[in-house]
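Here is a short briefing to read alongside your model.

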Amino acid sequence: MKIVVFTGAGISAESGIQTFRGNNGLWEGYDIDEVATPEAWHKNPELVQKFYNMRRKAVLEATPNPAHQLLANLEKEYNLHIITQNVDDLHERAGSKKVLHLHGEITKARSSIDDSLIYDIKGWELKLTDTCSLGSRLRPHIVWFGEQVPMLNEAAKLANEADIFVVIGSSLQVYPAAGLVHEIKSTCQLVVIDPEIPTLRSRNRTKFIQNKATEGLPIFIEWLKNNVV
Ligand code: APR
């Protein structure tokens, strides 16, 4: 039995990391076109670098919350994979090993001329003077709006193999990531954990747990233990 957990910004909200939409969302304070597109990077790399440095600092100061920890524990008992839209490393810091990052990782930088050259960033700050081994400027290892999502096929395969697909803390508004919900088999049990249930095409085998992640996950785990051998 394979469990695939699809997480969004909501699972890191209780660690103090801002979500993107909804009250006090990150995109209320910043224009995506100014800080999260390749064009923005070419036009004003200082502003883009500053935006990601500020967010990286917040990630380094945050700690995994019980929802991250519960998922790390579940991975020890079940065949469980995480697909995350989040660029923070809180799943890994909680102990999860099988984590697929769809939108990149904020703790890493990559060469702006060779995508295969990826580096861990020491500390919170990536400087515009930091270069890759080929001498080109390092950029945040983030999938910006308008860029390809390199891990999408691998994520779609995982979703299609899932017997239980759990969405935690995503508004399901950003494609192609949100399209993964349509990759699951008709026999797959879909579970959605979110204080505001996102709009979803109705289908059988869907269970809504209208709670925050730290309260909803224990309810899911209880259901899992009572309903699934
Ligand atoms: N527990 C669970 N869910 C929560 C919590 C919480 N404590 N707090 C908020 N949420 C929910 C919100 O109700 C919302 O459904 O988390 C979701 C956050 O939605 P978004 O801010 O849109 O985040 P996400 O869906 O991850 O955004 C997807 O958009 O901007 C891009 O690349 C960025 O990966 C991001 C993508």
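Contact here means heavy atoms within 4.5 Å. With that in mind, Q85 is in contact with F6, T7, G8, H103, S170, V174 and A177, leaving aside its neighbours within four places in sequence. This is a predicted model, in which local features need pLDDT of at least 70 and side-chain atom pairs count only at pLDDT 80 or more, while totals for chains, interfaces and linings use all residues. Residues are numbered from 1 along each chain as its sequence is written, and side-chain values use heavy atoms, with hydrogens and water left out.

- Q85 sits in the loop between β2 (79–84) and α7 (90–94); helices (H or I, at least four residues) and strands (E, at least two) are DSSP runs, numbered from the N terminus.
- Is Q85 buried or exposed? Q85 is buried, at a relative accessible area of 13%, where buried means under 20%, exposed over 50% and partly exposed in between (1.4 Å probe, protein chains only).
- The side chains of Q85 and S170 are joined by a polar contact of 2.8 Å. A polar contact is a pair of N or O atoms within 3.5 Å; within protein, one must be able to donate a hydrogen and the other to accept it, and residues adjacent in sequence count only if both atoms are side-chain atoms.

**The nonpolar cores**

- A nonpolar core is a set of buried Ala, Val, Leu, Ile, Met, Phe, Trp, Tyr and Cys residues joined through side-chain atoms within 4.5 Å.
- The largest one has 23 residues, of which F6, I83, L102, F165, V167, L180 and L190 touch the most other members.
- At least two residues of this core come from each of β1 (2–7), α8 (152–161), β7 and β8, and α8 gives the largest share, four residues.
- Not counting residues up to four places away in sequence, F6 touches I83, Q85, L102, F165, V166, V167, I168, S170, L172, A177 and L180.
- Apart from this core lies another, of 22 residues, including I11, I164, L217 and W223.

**The ligand site**

- Which residues come nearest to the ligand? Of the 21 residues around it, these are F20, R21, S170, S171 and D194, a residue being near if one of its heavy atoms lies within 4 Å.
- An N or O atom in the side chain of S171 is 2.6 Å from an oxygen atom of the ligand.
- W27 has a polar side-chain atom 2.8 Å from a ligand oxygen atom, and a polar backbone atom of G169 is 3.3 Å from an oxygen atom of the ligand.
- The protein buries 90% of the 730 Å² that the ligand exposes when taken alone; these areas come from the Shrake-Rupley method with a 1.4 Å probe, and for residues only the protein chains shown count as cover.

**Backbone features to check**

- The peptide bond from Y175 to P176 is cis, with omega near 5°, and P176 belongs to the loop between β7 (164–168) and β8 (189–193).
- L172 is in the loop between β7 and β8 too. L172 has a positive phi, near 55°, in a residue other than glycine, and is buried at a relative accessible area of 11%.
- N24, also a residue other than glycine, has a positive phi near 65°. N24 is found in the loop between α1 (10–13) and α2 (26–29) and is exposed, with a relative accessible area of 56%.

- N65, in the loop between α5 (45–61) and α6 (66–77), is buried with a relative accessible area of 3%.
- The side chain of N65 reaches the backbone oxygen of I11 at 2.8 Å. Residues up to four places away in sequence aside, N65 touches I11, S12, E14, S15 and T214.
- Q210 lies in the loop between β9 (206–209) and α9 (213–227) and is exposed, with a relative accessible area of 52%.
- A polar atom of the Q210 side chain is 2.9 Å from the backbone oxygen of P195.

**Cysteines**

- How many disulfides does a search of the whole structure find? The search finds zero, a disulfide being a pair of cysteine sulfur atoms within 2.5 Å.
- C132 is buried, with a relative accessible area of 5%, and C188 is buried at 0%.
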